[in-house]
Amino acid sequence: MRNRLLATIAFTAMTAMTAVSGLMPGAAQAADPIKVGAIVSATGPASFLGDPEKKVLELYADRINQAGGVGGRPVQLTVYDDGGAADKAASFTKRLIESDGVDVIVGGTTTAATMAAVPLVERAGVPFISLAGAVVIVEPVKKWVFKTPHTDRMAAEKVMDDMKKRGLTKLALLSEDSGFGKSGREQTVAVAKERGIELVADETYGAKDTDVTAQLTKVKNNAAAQAVLVFGLGQGPAVVTKNYRQLGITLPLYQSHGVASKEYIRLAGGAAEGVRLPAAGLVVAAQLADSDPQKKVVTEFTKVYEDSFSTEVSTFAGHAYDGLMIALDAVKRAGGTDKAKLRDAIEQTKGYVGTGGTVTMSAKDHMGLTLDAFHMVEVKQGDWSLVK
Amino acid sequence: MFAELLQYLLSGLTIGAIYALAGLGFSIIYNASHVINFAQGEFIMIGGMASATLTASGVPLPLAIMIGCGGAMLVGVLVAKFAVERARNASTVTLIIITIGASIFLRGVAELVWGKDFKRLDAFSGETPIQIMGASMQPQSLWVVGTAGVLIVAIGLFFARTLTGKAILATSHNRLAAQLVGIDVKRVVLASFALSAALGAVGGAVVAPITFSYTEMGIMLGLKGFTAAVLGGLGHGPGAVAGGLIVGIAEALGAGYISSAYKDAVAFVIILAVLLFMPNGLFGKRGTERV
């Protein structure tokens with residue numbers, strides 16, 4: 001008798017439990033996750049861009065989930081590392097679309113990786129927010145493709161505007177033979193024509209060169225040059241800066257936004273003093289005027305990032321933050337993750353204040369940043385200082 | 001005009017000295033084991049990274065270089081012992097592929113240990129450029145050229161005067177005969193790996209202030225060093241040094257007088273020409289088929 005009772009209780013308990021667990025998927029369905037896919041170059045030659053991007057995406061996905069998700073739905077992040085290879089980026093994009101069934105993709109650390117993913121997302125119709133720089137990503141406009149970082153074109157414009165302010169009209173260009181440098185060179189040539197700046201020298205250097213004095217000697221002996229612009233990423237620009245001082249060239253030296261991280265100042269050391277470059281507000285967070293709309297966002301982001309990783313914040317980390325926030329903000333406005341509605345919502349992003357600037361997109365502009373988003377900074381005593 | 005030429009020559013000399021050091025490392029290992037060790041660039045990287053990170057944490061520079069050197073030698077011996085020696089009977093091509101594998105592995109480990117960012121090492125004696133007749137050079141360049149010179153002479157003496165050096169030479173001439181007269185060929189191979197690792201590591205430490213150090217710095221230096229070694233005649237020590245200087249100076253002159261876009265092409269055109277017309281390199285012995 002007792003045994004029978006026990007057996008019944010056990011049976012009932014088990015059925016109840018099965019029922020409950022059977023219900024679980026149903027319960028989860030109510031808060032269906034927002035599936036965000038990401039492809040970044042966390043390893044390989046572009047890892048100094050991709051690594052902080054990956055960290056930021058993971059950090060903020062966690063933070064948002066802890067705060068209850070977006071509209072009660074958690075964010076489910078899937079990150080793949082393309083190792084800096086465009087072909088891998090393409091196959092991961094395919095995997096994100098077909099196997100993981102993501103609602104939106106953030107990423108493509110480099111322009112090459114982004115352009116490899118573009119045909120796939122265009123065909124599948126998945127909103128895609130790139131973290132790469134070149135202007136080709138959004139010009140001509142592609143229906144499903146957006147980007148967060150400033151373009152090389154904007155950098156060239158900002159530099160030439162600053163030159164004009166100083167009354168300089170003849171520029172010597174030194175660009176890196178990387179994708180970033182080549183695209184930067186093209187844009188500089190085009191912008192120079194528009195702004196009436198004369199390019200008096202057009203030199204290149206290898207991304208891994210350890211000495212650029214030969215090219216710089218040519219620039220030095222070019223009597224016409226009034227300023228020098230370097231377009232490159234990583235250690236190359238630091239090598240150029242050191243060689244520049246070694247040769248005793250006194251012309252104003254400009255760098256692109258590609259070196260807007262403290263690492264550049266650390267590597268180039270004293271040689272970086274007086275170098276000017278266009279940079280996002282994030283880099284000079286503490287120096288922005290209190291009235292600047294970006295002040296709050298960048299100060300907060302810097303604090304969260306530096307507390308979490310105890311390394312200095314980089315603009316690249318900011319691009320990933322902007323990408324994720326624009327996507328999630330669009331999910332809110334679209335009232336769900338219907339891909340077409342989500343795409344439209346991203347395109348209608350208006351007045352989003354991020355680390356890169358104030359973003360207002362339109363059907364014609366899938367980046368949404370204006371030249372105001374860039375601040376001209378100068379290296380002074382080993383730190384960035386805003387040029388007024 | 002003259003100042004310009006002098007500037008190119010000085011630039012070329014600095015880069016060339018770095019290539020020469022790397023090329024010398026290739027030659028030593030090739031002599032002892034007939035292996036082209038593509039992990040040579042990683043020895044340079046270990047030297048550069050170790051001295052940069054150790055000095056940053058307060059270790060005095062000479063000690064940091066010595067630790068880096070010791071570490072690289074240990075790694076070199078391990079590579080020889082566990083990767084090359086085990087495949088002793090494999091073909092040369094297989095052995096070369098093994099060293100490429102070892103180099104990728106070492107880069108990966110280095111990335112885990114030191115991280116991915118660039119490390120800075122202060123120049124040994126300041127950064128005030130030295131002016132020579134209108135051209136200028138960094139004081140560190142003198143360190144590079146000087147260190148390369150001293151090491152090259154020391155290596156020459158080592159081969160000519162010491163028993164170990166002579167044993168390595170004997171092994172390179174005829175492995176079997178060397179074995180028959182009682183030379184422990186296995187140890188010779190280990191010694192040659194340790195030696196070229198040390199050479200690479202010192203090289204890495206002296207060039208670090210110019211090139212910065214990062215885990216991938218060895219790739220380019222290794223390739224150019226290999227070019228230098230082939231140009232001078234594989235296995236020919238002084239040839240590798242000359243090859244390095246020639247490649248460095250040709251690059252600088254090419255960048256200066258032709259176009260910087262073709263800078264790397266200059267080196268490779270030279271190597272192609274050498275391989276086509278002088279397959280044994282500039283100073284290499286005439287090839288005799290070994291059976």
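In the predicted model, helices H10(B) and H11(B) pack at an angle of about 135°, and their axes lie 8 Å apart. H10(B) is therefore oblique to H11(B). The crossing of the two helices, H10(B) and H11(B), is right-handed. From H10(B), the contact uses Val247(B), Ala250(B), Glu251(B), Gly254(B) and Ala255(B). Their partners in H11(B) are Lys263(B), Val266(B), Ala267(B) and Ile270(B). By class, six residues of this helix contact are nonpolar, one is polar and two are charged.

H10(B) and H11(B) also take part in the contact between the chains. That contact draws 25 residues from chain B and 25 residues from chain A. On the chain B side, four helices each supply at least two residues: H1 (2-33), H8 (185-211), H10 (237-258) and H11 (263-277). H1(B) gives the most, with six residues. The side of chain B that touches chain A comprises eleven nonpolar, eight polar and six charged residues.

Chain A was examined next. It contains twelve helices and 14 strands. Its C-alpha trace spans about 105 × 40 × 40 Å along the principal axes. Chain A has 388 residues, of which 54% count as buried. Among contacts in chain A with a separation of 6 or more, 66% join residues 24 or more positions apart.

The domain assignment divides chain A into two parts. Domain 1 covers 34-150 + 292-370. Domain 2 covers 153-286 + 374-386. The C-alpha centres of these two domains of chain A lie 28 Å apart. Across the boundary, 22 residues of domain 1 of chain A are in contact with 19 residues of domain 2 of chain A. Three helices of chain A each supply at least two residues of the domain 1 side: H4 (111-124), H10 (294-309) and H11 (315-334). The largest share of that side, five residues, comes from H10(A). By class, the side of domain 1 of chain A that touches domain 2 of chain A has seven nonpolar, 13 polar and two charged residues.

Definitions and conventions
Residues numbered from 1 in each chain as written. Chains lettered and ligands numbered in written order. Predicted model: local features only at pLDDT ≥ 70, side-chain atom pairs only at ≥ 80, totals over all residues. Domains from an automatic or database assignment. Contact = placed C-beta atoms within 7 Å. Nonpolar A, V, L, I, M, F, W, Y, C, P; charged D, E, K, R; others polar. Axes fitted to C-alpha atoms, helices over the stretch in contact; angles between N-to-C directions. Parallel < 35°, antiparallel > 145°, perpendicular 65-115°, else oblique. Left-handed = near helix turned anticlockwise from the far one by under 90°. Buried ≥ 20, exposed ≤ 12 C-beta atoms within 10 Å, placed from the backbone.
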